[in-house]
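Could you look it over with me, ring by ring and then core by core?

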Amino acid sequence: MKRINEYRKLFNVDANADLKQLKTIYRNLVKEWHPDKFQDEAEKAVAEERSLKIIDGYHFLVSIAPETKEANLEEYRITTSTSGIADFKHKGLLLEISFLDGTTYEYFGVNKKVVTKMVNCDNPYRFAKRNIFNTYLYRKSKKDMELA
């Protein structure tokens, strides 16, 4: 959640920002922070770091945008309803679930208490299907997006 809030603050958008708005803000920020605009090496280094953060933030926000989720909803439903859980990792409030079909999704805001319940139940897949898949903000993992 910290990462989401950080990128939304960087782009000065709320949770309902559409892709067109994100793209416009992204282009303006990239123009403003492009390293070639700066002559001083120190300023250039800061601008390069900032532009990389802007690029990463844009790709992240696009991956959780409502339009992106809507476009990939059918694939997500198929994965979460037919493919079992191969593995999962939890760190902070991020739960990363790898499915048997090879896809990986990240779920944001999942606390340790929920993960502990999932681990201790008889059927983790059934628990996740009822309590995680349709409850938390998710995105397809960047690793799998690159493979596709």
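1. A word on the basis. This is a predicted model, in which local features need pLDDT of at least 70 and side-chain atom pairs count only at pLDDT 80 or more, while totals for chains, interfaces and linings use all residues. Residues are numbered from 1 along each chain as its sequence is written, and side-chain values use heavy atoms, leaving out hydrogens and water.

2. Rings of Phe, Tyr and Trp (its six-membered ring) pair if their centres lie within 6.5 Å; planes under 30 degrees apart count as stacked, over 60 as edge-to-face and the rest as tilted. That rule gives 12 aromatic pairs. Phe 60 and Phe 108 are edge-to-face because their planes stand at 80°, with ring centres 5.6 Å apart. This pair joins helix α3 (residues 41-63) to strand β3 (residues 104-108), across 48 residues; helices (H or I, at least four residues) and strands (E, at least two) are DSSP runs, numbered from the N terminus.

3. Phe 60 is buried at 1% relative accessible area, and Phe 108 is buried at 6% (buried is under 20%, exposed over 50%, partly exposed in between, with a 1.4 Å probe and protein chains only).

4. Tyr 105 and Tyr 138 have ring centres 6.0 Å apart and planes at 75°, so they too are edge-to-face. Both tyrosines are buried. Ring pairs also link them into a cluster whose members include Tyr 76 and Phe 99.
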